[in-house]
Amino acid sequence: MPKSALSAPQFTNEKAAVAFLEASRWPKGVTCPICGADNVTRMGGKTQAGYFQCNDCRDKFTCRTGTVMERSHVPIHKWLLAIHLLSAAKSGMSSHQLSRLLGLSYKTSWFLAHRIREAMIETNPSPLGGGGKSVQTNETYTLRTSKRAKSYKKGHSHKEQIVALIEPQGRMRAVHLKRATSESVRHILVTNVHRNTELHTDESNLYRYVGKEFSGHKTVTHGSSGLGEYVGPDGQTVNAVENFFGNFKRSMRGTYRKCDEQHLQRYVTEFEFRHNNRSGLGVDDQQRAANVLKGIEGKRLTYRRPH
Ligand SMILES: [Zn+2]
């Protein structure tokens, strides 16, 4: 990342940051996040800087109201910097690293990062695939899968599963499942993939019946050769999914180390977001961060504290 990008005024100056966020949130003029009216007045003075008054519902609000930033005391310029860093980091960024870069406590950085992941959730996603397109699907185990881990012992393993759906060279979706079954996998497929799509999977029974609900279903054999890459006779593969899983697992080991199963979906979402907003699809660092900002509204959630 060029240094110039991070020295932009919205990352270093609070006034510039607030102006940047207001312009991003309300490109056509400020509207009240409580009632939607555009009849609003910007308040002045030192104590009310950044506040607006709605002349319809009489409520007061700021650019944080109704977003993941509400009730946070972290300055907006640090939020914007955190969003920029997390959306640009290919392998993610640990809360320890964010904490050092932002000058915030570990706990605060942890909350910030999880709220940013919440903003990365795609609102109203369109289905994957469609006429003439294929979607690769596979599932994997993640979290304590190492046989060396103490928790791996029989009956104590905490393996979790992820199902990923990927259009080759296109978009993707990934979902955390406690355990992949024909029913749970079917639900994910039929709610996320256009029926008029050719499905590419391995020969797992999980896909046998749901495959019939799509315009085509081709399988590849995961042989025991251990080569890792398989191509079927018609060129079908699940290599794009395998690449995603590989990147996700390497990053989880290298960057995040510890991840509770209750938060796994948020990390999966983070990697899905970067995949769907990658430079190969023409999305640069600035645009990627801008796309996170589009998702900050309507996602106020509170989280359990880290241990
Ligand atoms: Zn209002």
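Here is a short chat about the zinc site and a sheet in this predicted model.

Q: Which atoms coordinate the zinc ion?
A: Four SG atoms do, from Cys32, Cys35, Cys54 and Cys57, at 2.3 Å.

Q: And what's the spacing of those donor residues in sequence?
A: The pattern is C-x2-C-x18-C-x2-C.

Q: Why is the arrangement around the zinc ion tetrahedral?
A: Because the angles subtended by the four donor atoms run from 104 to 117°, and the tetrahedral label needs all angles between 85 and 135 degrees.

Q: What's the ideal value, for reference?
A: For four tetrahedral donors it's 109.5 degrees.

Q: Is Cys54 buried or exposed?
A: Cys54 is buried, because its relative accessibility is 0% and the cut-off is under 20%.

Q: What about Cys57, then?
A: Cys57 has a relative accessible area of 29%, so it counts as partly exposed.

Q: Switching to the sheet: what's the strand order?
A: It goes S6-S5-S4-S7-S8, an open sheet of five strands with mixed pairing.

Q: Which strands sit at the edges?
A: Strand S6 (172–177) and strand S8 (216–220), each of which pairs on one side only. On average, neighbouring strands in this sheet are turned by 20° against each other, ignoring direction.

Q: How many bridges join S7 to S8?
A: Five, and the two strands run parallel, with S7 covering residues 198–202. One of the residues to look at is Asp202, whose bridge partner in S8 is Val220.

Q: Which strands does helix H8 lie across?
A: Helix H8 (residues 239–256) lies across S4 (134–142), S5 (160–166) and S6, and runs at about 35° to S4.

How values were computed. Residues numbered from 1 in each chain as written. Predicted model: local features only at pLDDT ≥ 70, side-chain atom pairs only at ≥ 80, totals over all residues. Heavy atoms only, no water. Donors = N, O, S within 2.8 Å, 3.2 Å for Na, K, Ca; no water. Tetrahedral: all angles 85-135°; square planar, octahedral: opposite > 155°, others 65-115°. Buried < 20%, exposed > 50% of the residue type's maximum accessible area, 1.4 Å probe, protein only. Pairing = 2+ DSSP bridges. Helix = DSSP H or I, 4+ residues; strand = E, 2+ residues; numbered from the N terminus. Axes fitted to C-alpha atoms, helices over the stretch in contact; angles between N-to-C directions. Contact = heavy atoms within 4.5 Å.
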